[in-house]
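Please have a look at the model first.

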Amino acid sequence: FRTTTIKTGKGVIYQGLVLREEGEVIVMADDKGKEVRVPKGDVEERVVSNLSPMPANVGDAMPEADFHHLLGWLLSKRPARP
């Protein structure tokens, strides 16, 4: 769940979460959750952020039980190891 920034050859910048790649198209979700489709041939630069979009103090900002539920859900989304 890292933010990706894509810059096209025409200088257009897209930022969001990459949902999937469909052939020659990158499908992203923008900050409003809207799907944005960027042709791979238009991509000049693609950078994945090293920072998580989750706030650093998320554990302090919610009740402990909710935090445990969140962690359980996040861990359930990890890919299975071979």
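1. Let me begin with glutamate 22, which counts as partly exposed because its relative accessibility is 32%; here buried means under 20% relative accessible area, exposed over 50%, and partly exposed in between (1.4 Å probe, protein chains only).

2. A word on the basis: this is a predicted model, where local features need pLDDT of at least 70, side-chain atom pairs count only at pLDDT 80 or more, and totals for chains, interfaces and linings use all residues. Residues are numbered from 1 along each chain as its sequence is written, and side-chain values use heavy atoms, with hydrogens and water left out.

3. Glutamate 22 has a salt bridge with arginine 20, with 2.6 Å between the closest N and O atoms. The term covers a side-chain nitrogen of Lys or Arg within 4 Å of a carboxyl oxygen of Asp or Glu. Arginine 20, at 33% relative accessibility, is partly exposed.

4. Arginine 20 also forms a salt bridge with glutamate 35, the closest N and O atoms being 3.2 Å apart. This pair links distant parts of the chain, 15 residues apart: arginine 20 lies in strand β2 (residues 13–22) and glutamate 35 in strand β4 (residues 35–39). Strands are DSSP runs (E, at least two residues), numbered from the N terminus. Glutamate 35 is partly exposed at 41%.

5. Which residue meets glutamate 22 at 2.9 Å, N to O? The partner in that salt bridge is arginine 37, in strand β4. Arginine 37 is partly exposed, at 47% relative accessibility.

6. Shared partners join Arg20, Glu22, Glu35 and Arg37 into one network of salt bridges. The whole structure holds seven salt bridges.

Key
Helix = DSSP H or I, 4+ residues; strand = E, 2+ residues; numbered from the N terminus.
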